[in-house]
There are 2 protein chains.
Amino acid sequence: MERRRKVPNPLALAVLAWLLWEPMHPYELGRRLKQSGQDRQIRYTRSSLYMVIEQLTRAGFVAPQETVRDSARPERTVYAITDDGRHEVHDWLRTLLAQPRQEYPHFAVALSLLSLLPPDEAVEVLRRRSAALAGRIEETRTTVAEARADGVAWIFLVEEEYSLALLEAERRFVTDLVESLKQPDYAKSWQETMGDRT
Amino acid sequence: MERRRKVPNPLALAVLAWLLWEPMHPYELGRRLKQSGQDRQIRYTRSSLYMVIEQLTRAGFVAPQETVRDSARPERTVYAITDDGRHEVHDWLRTLLAQPRQEYPHFAVALSLLSLLPPDEAVEVLRRRSAALAGRIEETRTTVAEARADGVAWIFLVEEEYSLALLEAERRFVTDLVESLKQPDYAKSWQETMGDRT
DNA sequence: CCTCCTTTAGTCAGTCCTGACTATCCAGGA
DNA sequence: TCCTGGATAGTCAGGACTGACTAAAGGAGG
C-alpha cells in the first residue's frame, strides 16, 4: 500500500528542500538547517548529515556537482538536486502532511508504567514535568514573538505553533493527571494491589 | 549532567518492567507487550526484542536463568531481572516522567516546509489529515471505552488518554491552520513570493 | 493422510547511525 | 610572539536496527 522511501530519514527531506533552492556542500546545509531553526524539528548530527547525503546520492535524488578547494581549506563537494529528487520532495511532503503517522513519544511508555511508582512519588515527578513544560512553553512563545518582531511571516512559524499546541495540551493533561493521582482512593487502591513489592 | 542510559531503547524499559513481575523468555515478552497494548506506545520488531535483551544482558540488567526445551520446541532462554535492573527501571521511569524530552514528530518537519506547496494543495492535504485524525480519535475512544467496560482501572489507560489529548490538540491545530491557509491574502502573497518555480 | 496456513521461536546479513576523532585557519588575549 | 578557543570541513570504527529468512509443530480442510 504505502511504498517505503528510499531514504526514510526526515533529515533527507530538509536537505532536498534546501537543494531545491540552490546547490550546496554538506557543511553549508548544516549551517542553513541550524540558522533556520529546523534543527528544532529534526534530530541529526553532522555525521548523519554526510551519511544522508551519501544515501541520497545512491538513491539518485542528488548528484555531486563539483569539488572546490579554495584557500587551502578542506575540499568541499557541492551537491545538486535531480529531477527524481524534486519529485521526491513533493511526493514525500504531501504524504507527511496528509497521513498522520503513529508517533512513539517516550513519555507515553513511561505513562503506561506509571502504576509502578507509589502515588506520592508519581505526583512529585509529574509536578516537576509540569514546571519544565511551562518553561518550554515560555521559550517557544518568546522564539515566535521575536521572529514575528523581525518580520518573519506566520507561514514560516507554523511548526513552532504546532509544538506550542502540543506542549500546551500535554501540560493540561499532566495537570489533570496530578489531580487524579492525589485522590485518596487512588493511594488506597495502589496500596492494596501493589503493597507486595520491594 | 544527564548520564546516558546503557540501553537507551525504550523497549528495554518495558522489558525490564515485565521482568519485574516474573522471569520470562523473549517470545513470551513479545506476547505480553502485544496483549497489554504496549506495542502502541513502543516501536519494535521481534528481532529488536532479541537485540535489546542481549544488550540488557551485557549491561547486567538481566541475566539468563535457564534454557528450557519442552516437547521438541526450539529451546527458549528464560531471563530474570537483576538488582541493577530493578534500580534502572525505577530511575529511568522517574527521569522519563519528570523531564520532557524534545520529540521530533515527522509532521513538524513537513509543516516547516509547508510554504513549498501551493495554497490550495496545502488545504487539500491538510483536510485529508484532519479526517484521518478524526478516525484515530474515534478508534482510541473506542479502545478506552471497551477496556473500561472490561473493568480495567483508569491508571492502566493513562497512556491512551495521553494519545487522545495529543490527537485532539493536533486536530484543532490543523483545523485552524486550514482556515488560515484559505484566506485570500495567503494565496496572494504565496503567488508573489513563490511564483518563480517549476 | 496429505497439504497448507498459522503460531511458536529465533537467527542473520547488511544497512544505518552515533560518538569520537582529525586537521586547518583565524581572532584575540597574555 | 605564542597559545587557546572556536569555526570550518570531513572521516571512521563499531554498535544498533530492520527486513528477510529458517524451522518445527499444530490444526483445518479436503
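Which residue forms a salt bridge with A:R94? I looked this up first. The partner is B:E121, and the closest N and O atoms lie 2.8 Å apart. I note that this is a predicted model.

**Entry: the interface**

I then counted salt bridges between chain A and chain B, and the total is 4. Next I checked polar contacts. The rule finds 22 residue pairs across the interface of chain A and chain B, both residues being at pLDDT 80 or more.

I asked which elements of chain A give two or more residues to the side that touches chain B. They are α1 (10–21), α4 (83–98), α5 (106–112), α6 (119–149) and α7 (158–182). With 13 residues, α7(A) gives the most. I sorted that side of chain A by class and got 38 nonpolar, 10 polar and 16 charged residues.

I also looked up the extent of the interface. In chain A, 64 residues are in contact with 64 residues of chain B. The area buried between the two chains is about 6,500 Å². Carbon and sulfur atoms give 70% of that area.

**Entry: chain A by itself**

I found 8 helices and 2 strands in chain A. Along the sequence their pattern reads α-α-α-β-β-α-α-α-α-α. Why do I call chain A more spread out than a compact globule? Its radius of gyration is 23 Å, well over the 16 Å that the globule rule gives for 198 residues. The C-alpha trace spans about 70 × 45 × 40 Å along its principal axes.

Of the 198 residues in chain A, 46% count as buried. Last, I checked contacts between residues at least 6 apart in the sequence of chain A. I found that 62% of these join residues at least 24 apart.

Definitions and conventions: Residues are numbered from 1 along each chain as its sequence is written. Chains are lettered from A and ligands numbered from 1 in the order in which they are written. This is a predicted model: local features need pLDDT of at least 70, side-chain atom pairs count only at pLDDT 80 or more; totals for chains, interfaces and linings use all residues. Side-chain values use heavy atoms; hydrogens and water are left out. Contact means heavy atoms within 4.5 Å. Buried area is the accessible area (1.4 Å probe) that two parts lose on being put together, summed over both. A salt bridge is a side-chain nitrogen of Lys or Arg within 4 Å of a carboxyl oxygen of Asp or Glu. A polar contact is a pair of N or O atoms within 3.5 Å; within protein, one must be able to donate a hydrogen and the other to accept it, and residues adjacent in sequence count only if both atoms are side-chain atoms. Helices (H or I, at least four residues) and strands (E, at least two) are DSSP runs, numbered from the N terminus. Ala, Val, Leu, Ile, Met, Phe, Trp, Tyr, Cys and Pro count as nonpolar, Asp, Glu, Lys and Arg as charged, and the others, Gly among them, as polar. The radius of gyration is taken over C-alpha atoms; the globule rule is 2.2 Å times the number of residues to the power 0.38. Buried means under 20% relative accessible area, exposed over 50%, partly exposed in between (1.4 Å probe, protein chains only).
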